[in-house]
Amino acid sequence: MASTPAVASSDLDLDVPRTLRPGSTRADRIFRVVLGACGTTVLLILGSIVAYLINYSRPAFHRAGFHLFTSAHWAPPVYYGVLGALVGSMVIALLALAIALPVSLSLGLMINEYAPEWLRRILIALVDLLATVPSVVYGFWGLEALTVYVNGPAKFLDHHFSFIPIFRTPEANTYGYSIFVCGLIVGVMIIPIVTSISREVMVRAPREACEGALALGGTRWGMITDVVLPYSRNGIIGASLLGLGRAIGETFAVYLILSTTNTLTPALLGPNGLGSVSYLITNNFTSSASIVKSALTEAGLLLFATTLVVNLIARGIVDRAGGSTA
Amino acid sequence: MSGSAVLDPTLPSGPPGRERPRRRASVSSDATLECMGSIVAALALVFVVFSISGQLALSNAFGIAICWFGAFALVYGVVSRTRHGIERAKDRLATVFIWTGSLIAMLPLIFIIGWLLFKGLSVVLAGFPHFLLSDSSKAGPSDPVSKAGVGAAIVGSLEQVGIATLVAAPLSILTATYLNESKSALSRVVRLVVDAMTGTPEIIAGLFVYLLWVQPRHTNGQSGVAASMALGIMMLPFVTRGAQEVLKTVPGSLREAGLALGAPQWRLTLRVVLPTAKVALLTVTILGVARAVGETAAVYFTAGGSATQKFNWNPFHGIQLDLPLYVVQFAKVSSPTEVREAWGGALVLVFMVLLLFTVTRVISKGNRGKRRRHLVLPAWRRGAAAKSGQ
């Protein structure tokens with residue numbers, strides 16, 4: 001390094017631009033090829049899932065066409081209508097979101113704005129931990145506890161509100177093992193993830209604006225409705241969509257609880273009504289003939305496509321809102 | 001503070017006659033009193049209504065609790081409205097609803113943990129550590145829990161998740177590096193696909209591996225390594241995505257400093273960028289592992305284990321049990337002891353996840369104080385810098 005000033009001054013004297021060698025060394029090129037190869041491998045693996053599933057579901061599509069998605073008649077060797085299961089999956093997911101969103105937002109706001117410091121730290125860690133608890137544990141608890149506890153409220157709804165079709169049961173006076181319980185437990189399951197993402201977005205609401213609202217004499221609730229919520233609206237929508245994506249594909253929480261005949265009915269409170277795609281696949285796949293497997297794969301593919309679209313939209317929104325979705 | 005004088009309502013600050021004391025939104029002792037009073041009033045109201053109208057449809061504990069809460073909200077709202085105005089009433093009711101909502105959100109979650117401990121702990125502790133070390137091959141449906149064990153399931157879980165991690169973690173981190181370093185069209189496609197795949201339903205991964213690997217091999221197809229493939233597919237997008245976010249946080253100044261010193265890209269990446277993010281990358285990987293341990297649908301078609309099978313140490317041959325499969329298979333059986341054993345298995349599963357989660361907390365906390373350590377130029381670098389300066 002000692003000789004550098006001398007070199008520099010002679011360069012200046014000659015007034016010749018110093019030759020730069022941009023471009024990369026051979027080691028760099030190899031490095032880039034290795035990295036590119038890894039990226040391509042991941043692309044191939046994930047891309048081949050889509051390609052393979054599409055290829056495998058072709059026989060069923062040739063045989064039944066779009067009838068697969070427009071009929072709810074599921075009687076494998078002859079009829080392949082999965083509409084009952086598709087609608088069921090969506091209903092479970094929407095029900096779960098309807099249950100999870102309000103309480104998750106309350107919890108997120110409580111952690112951010114109301115809780116004292118010690119409680120905040122505990123709750124943040126607890127919510128993150130609960131987000132990693134396997135779904136099969138939620139499902140098991142739902143099977144053992146929720147199907148019993150929900151009997152009373154379900155009976156109440158059935159007896160007094162049965163003029164609304166969704167508050168009926170497909171089988172008279174039996175509750176539990178229903179779409180409703182599935183929606184409830186999947187809702188409980190997505191509470192941590194919706195809370196965690198929406199909380200992270202809400203905490204980014206500009207602090208000066210919050211303090212400004214308070215300084216102008218606004219109440220805490222006024223600050224929340226006028227500053228925090230408008231600022232984080234997109235992030236909350238994204239968090240809900242991510243929760244929805246999870247709920248649509250959820251398998252074992254539903255598998256353990258649901259008892260279904262895959263029929264298309266608006267009644268949600270009892271067994272043997274709507275189905276669920278993941279349940280249908282789990283229950284029938286390995287023991288079926290190949291044409292049935294093909295039909296189930298096609299249903300799975302539709303589920304997959306739905307979650308892909310929901311997730312892509314959600315990620316786009318959450319990324320722009322500045323949250324982390326990892 | 002000179003500013004406080006302006007805001008002080010006792011000082012004259014405007015045209016006389018138009019001043020009024022500013023209301024400060026703080027909690028007075030009044031507030032507690034009003035809240036308590038409303039609770040009691042609501043209870044009294046509910047009691048009166050229920051005793052006048054006799055047997056109502058809602059007269060069970062759940063119904064009464066809901067009516068009590070509704071009456072409380074009403075009374076408290078009206079009291080706050082008349083005494084403090086509409087804004088304060090809204091604020092107070094919002095506070096009530098937010099705390100209640102939080103309680104409703106946390107209650108089932110805490111209930112699940114409690115239930116898990118209550119049901120599972122007695123099973124795990126029956127003849128400790130027998131439950132963790134043996135398999136259930138000799139335990140029939142009516143045998144006591146002390147004869148059963150999840151040893152085979154633990155071995156299977158560790159091997160399956162271990163193999164999946166060995167393959168998926170390096171691949172994910174290198175891919176994340178690629179996405180971070182390259183701005184080409186290909187990398188944009190990879191980024192999009194990884195983003196889209198992060199929420200892939202587990203069942204799709206299980207289905208794919210079943211069709212591609214298990215089915216062509218007939219009876220030999222289901223094995224630990226097939227389960228690893230499905231788990232690896234689940235981990236890939238998750239860890240890649242997480243690692244990408246981590247690498248984004250490596251300060252640009254560090255990168256620029258490396259480039260300015262004439263470091264080639266590969267050295268910059270391997271010696272500056274990745275070491276700086278080392279701990280966070282480890283955290284992301286462990287979180288991926290923690291998720292993979294609990295994946296059920298991914299292993300359901302692929303591992304094929306039976307809850308009562310013997311130890312299978314070889315992940316490459318024969319069906320292999322793991323913890324989620326153990327829980328799922330025993331959860332719906334008619335034997336109450338086997339259902340208890342399933343709770344034992346669930347407790348072990350959650351304990352493993354908890355352990356991994358705690359590790360991530362500890363290492364990321366331990367790192368916080370020493371973040372600057374990696375900024376020091378390593379020894380080889382000093383030598384290289386001296387040489388290139390000649």
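How many Å separate the centres of domain 1 and domain 2 of chain B, taken over C-alpha atoms? The separation is 42 Å. This is a predicted model, in which local features need pLDDT of at least 70 and side-chain atom pairs count only at pLDDT 80 or more, while totals for chains, interfaces and linings use all residues. Residues are numbered from 1 along each chain as its sequence is written, and chains are lettered from A in the order in which they are written.

**The domains of chain B.** Select residues 28-125 for domain 1 and 145-371 for domain 2; such bounds come from an automatic or database domain assignment. Their contact (C-beta atoms, placed from the backbone, within 7 Å) takes six residues from domain 1 and nine residues from domain 2.

**The interface between the chains.** Next, display chains A and B together: 78 residues of chain A are in contact with 84 residues of chain B. On the chain A side, select helix α2 (residues 26-56), which gives the most, with 17 residues. Helices are DSSP runs of H or I, at least four residues, numbered from the N terminus.

**The nonpolar core.** Now select A:V137, A:I185, B:A230 and B:V327, the residues with the most contacts inside the largest nonpolar core, which has 197 residues. Such a core is a set of buried Ala, Val, Leu, Ile, Met, Phe, Trp, Tyr and Cys residues joined through C-beta atoms within 7 Å, where buried denotes 20 or more other C-beta atoms within 10 Å of a residue's own. Helix α5 (residues 83-114) of chain A contributes the largest share, 19 residues. Both domains of chain B give residues to this core, so it lies between them.

Notes
Buried ≥ 20, exposed ≤ 12 C-beta atoms within 10 Å, placed from the backbone. Helix = DSSP H or I, 4+ residues; strand = E, 2+ residues; numbered from the N terminus. Contact = placed C-beta atoms within 7 Å.
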